[in-house]
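Hi,

Here is the structure I promised to pass on. Have a look at it first, then read my notes below.

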Amino acid sequence: MFERFTKDARDVVTGAVEHAERSGAERVDEGHLLLALLDRTGSRGSFALGALGLAERRDAMAESLAAARRRGGLTGADAEALSGLGIDLDEIVSRVEAVHGAGALARWRSGGRKRLGHRPFTRGAKGILEESLRGALAHRERRIGDEHLLLALAGRPGIASGVLAEHGVTAESLERVLWGGGEAAAS
């Protein structure tokens, strides 16, 4: 499938691996793919992010990803929903970190070990790559671009779609910007 990726899409995958390496993650996950997309300029995916107002909010999105990782993959919306049930997620995370050390839930989610060399992709990240192929085919495109990766990240449940939604980006708004010809302002 990788041979169908455009240079921009390949650069996103390579960038995701680099983000995983820099953070010491054992595996490349959807968050790493999103960070790599946020680093891009001059591509269809970066155009869509810019049109939705995210180009200047890269740092805020990276912070949202880091916070979700610290919570073991739960997004701000998850924390808010639990709060409505009387569960203070920040208190739970603090207690876990008091016993097991800072970032304990993030280590648990990533496998917990730092390693050098090859980093496999998580099941979720592999799903994003597969979904990007389906997205390209749905738009009758033979090549998979970074815009297809972005659309897959927004449309598939997970940490990346949760963070994108927190910043007002949905699969529908991306569809409008990329293929619908219309404006789609982020919230």
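Leaving aside residues up to four places away in sequence, His-32 touches Ala-16, His-19, Ala-20, Ser-23, Ala-25, Arg-27 and Arg-69. You'll find His-32 in helix H2, which covers residues 30-39. Is His-32 buried or exposed? It counts as buried, because its relative accessibility is 3% and the cut-off for buried is under 20%. Keep in mind that this is a predicted model.

Now for the salt bridges: the structure has six of them. One joins the side chains of Asp-8 and Arg-40, at 2.5 Å from N to O. Asp-8 belongs to helix H1 (residues 7-23) and Arg-40 to the loop between H2 and helix H3 (44-51), so this pair ties together parts that lie 32 residues apart in sequence. Arg-40 is buried, with a relative accessible area of 18%, while Asp-8 is partly exposed at 24%.

Arg-40 also meets the side chain of Asp-11 in a salt bridge, at 3.7 Å from N to O. Asp-11 is partly exposed, with a relative accessible area of 28%.

One more to look up: Glu-147 and Arg-44 form a salt bridge through their side chains (3.4 Å, N to O). Glu-147 sits in helix H9 (residues 146-155) and Arg-44 in helix H3, 103 residues apart. Glu-147 counts as buried at 7% relative accessibility, whereas Arg-44 is partly exposed at 33%.

Cheers

Terms used: Residues are numbered from 1 along each chain as its sequence is written. This is a predicted model: local features need pLDDT of at least 70, side-chain atom pairs count only at pLDDT 80 or more; totals for chains, interfaces and linings use all residues. Side-chain values use heavy atoms; hydrogens and water are left out. Helices (H or I, at least four residues) and strands (E, at least two) are DSSP runs, numbered from the N terminus. Buried means under 20% relative accessible area, exposed over 50%, partly exposed in between (1.4 Å probe, protein chains only). Contact means heavy atoms within 4.5 Å. A salt bridge is a side-chain nitrogen of Lys or Arg within 4 Å of a carboxyl oxygen of Asp or Glu.
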